[in-house]
Amino acid sequence: MKNNILDYELAEEILQKIKEKGIIKEIESLGKTEHGLLIRHYVVGTGNEDIVITGATHGSEIITTDFVIRLMKNISIKKEQWEDILKNFKIHFIPILNPEGYLITTLAIRKLIPKDMPQVEAEKICKRYYNLYKQDDTEEIAQQLEEHEEFKGLKRHQEMFKGIDYNIIPDKYKSIRDSLKEIFDKYPDLPRWCLHTWSANGNGIDIQANCKYNPKISQILQNESIFMNSLRHNNINISHPGPINCPFDKEKGFKTENETEAISNLLETLNKQGKLFAYINYHSTGGFVFQRPPIVPDELSIFQDEILKKEIKNNMFAKLYSNKTYKNIGIDENGNDKKQMSRYIIKTQSSNATSSNDIFRIMYPIDLLIELSGMGGNPIGPYGDIKGNYTNAIKSNLEAIKDTLKLAGIIKMISESTYKFIDKFKDKENYSKVIEIQDMIFDEFIKRKKQLEINLDCDEESQYCR
Ligand SMILES: [Zn+2]
């Protein structure tokens, strides 16, 4: 069996086939990237409320596009299972929000994992990469690398991609190649072998960080050099264009990138029409659900009550989603169900609004950011354990999104009643108390849902229930 890494052109081919099935339609693209790639936009469903689902905001997070495409396939092939959902909603898919970053990353991967390489062999390479990436996060290894002349500031996961630079980009995408050449020529402090982690677009701008409220912008304008914090990436300077996290090009001044604009426009238009129900933004690693609205920047005037409503809705939806996710299956040595024990963690910490998605979460209805894979190491780490981690991530998230959309109407109603209840509560500013109340309501909901499912099963197979 060939490996399951989807490079840019292969992803395009599969999307074409999905389109030909006739269930999911491709509509006018959300626009083009600066270097001419289409930001493709697909829709399915006849409902009056719209759900937007994106993959590959970060180009190197390739499992997200893989997942969104699998979700689209699932709907195309098993349409009857989605019938109710598609009656209630119109689902928008943007499987590759950042096509340039996805192209750059996957061209680099293909040098190590050609299209025809068998799955088992590819999996070994991904596992090796995963281990090196993890080692890069340990103090001891970081220290050793600093002392080692041959690594010259490179990380092990970068060393594995040695020799792979912008020259691998074919003439067809010359404009992207030229742009990367310009970046590497201008900024010699960039680690040379980092194309495989190209989260940014072809201009070297990270579209998630490309947000005017990002506090790093003023630091960069004051000529500060900011390096990534994590040991694995602390040789990457984010104050100029590069693979990860750079919010804008200081030389050109702040500009909203085409990709950021594309998703902002879609959400804004749907919201203005009163149709936007939720935005589900897939990222790659950790097995987390981010949902808490960040602290509202002073420039945005939003009533605190609005934020409370969003806090409740986002958390309830995150609970519904995470309820179906798991990283492991089977029973452990103490007799516990690993599925139950390995649910994705819902993040509840308070944070400042720094990213484009933070602003979407403040401005628009339900917004979940899901870190898909329990296994780290972008881009190929999540492909290092196909039978276990990869399969669990894909399968459980498919179940999670289906269940969430199926129960969306009920959970919205429950969220609204919860809001009415909490709004009268004198301690409503206390987030952890608000969460506690929701936990109780949600657990009760799940209990009733289970009872109902048992009763329904009995109706269907009544001969066994008597
Ligand atoms: Zn990401």
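Colleague: How many residues does helix H8 have, and what does it reach from its first C-alpha to its last?

Modeller: Helix H8, residues 174-186, has 13 residues and reaches 18 Å from its first C-alpha to its last, close to the 18 Å expected at 1.5 Å a residue; the expected span is 1.5 Å times one less than the number of residues. Helices (H or I, at least four residues) and strands (E, at least two) are DSSP runs, numbered from the N terminus. Please keep in mind that this is a predicted model, in which local features need pLDDT of at least 70 and side-chain atom pairs count only at pLDDT 80 or more, while totals for chains, interfaces and linings use all residues. Residues are numbered from 1 along each chain as its sequence is written, and side-chain values use heavy atoms, with hydrogens and water left out.

Colleague: Which residues in H8 are buried?

Modeller: Ile176, Arg177, Ser179, Leu180, Ile183 and Phe184 are buried in H8, where buried means under 20% relative accessible area, exposed over 50%, and partly exposed in between (1.4 Å probe, protein chains only). They lie on the same side of H8, because they cover an arc of only 160 degrees around the axis, the arc being that of the directions from the helix axis to the C-beta atoms.

Colleague: And what covers the buried residues of H8?

Modeller: The cover includes helix H4, residues 99-112, with contact taken as heavy atoms within 4.5 Å.

Colleague: Switching to strands, which ones pair with E3?

Modeller: Strand E3 runs parallel to strand E4 (residues 89-94), with six bridges joining them, and E3 also pairs in the parallel sense with strand E5 (residues 276-285) over five bridges. Two strands count as paired if DSSP finds at least two bridges between them. Ile51 stands opposite Ile91 in E4, and the bridge partner of Ile51 in E5 is Ala278.

Colleague: Why is E3 largely enclosed by the rest of the structure?

Modeller: Five of the six residues of E3, residues 49-54, are buried, so the strand is largely enclosed.

Colleague: What about Glu61, is it buried or exposed?

Modeller: Glu61 is buried, with a relative accessible area of 8%, and is found in the loop between E3 and helix H2 (62-77). Leaving aside residues up to four places away in sequence, Glu61 touches His283, Ser284 and Asn378.

Colleague: Which peptide bond involves Asn378?

Modeller: A cis peptide bond joins Asn378 and Pro379, with omega about 0 degrees, and Pro379 is in the loop between strand E8 (366-373) and helix H14 (386-406). Most peptide bonds are trans, and most residues other than glycine have a negative phi.

Colleague: Where is Asn223, then, and what is its phi?

Modeller: Asn223 is in the loop between helix H9 (216-221) and helix H10 (258-272), and its phi is near 65 degrees, a positive value in a residue other than glycine. Asn223 is exposed, with a relative accessible area of 58%. Asn245 is also in the loop between H9 and H10; its phi is near 75 degrees, and Asn245 is partly exposed at 26%.

Colleague: Last topic: how many helices and strands are there in the chain?

Modeller: There are 17 helices and eight strands, and of the 466 residues of the chain, 54% count as buried.
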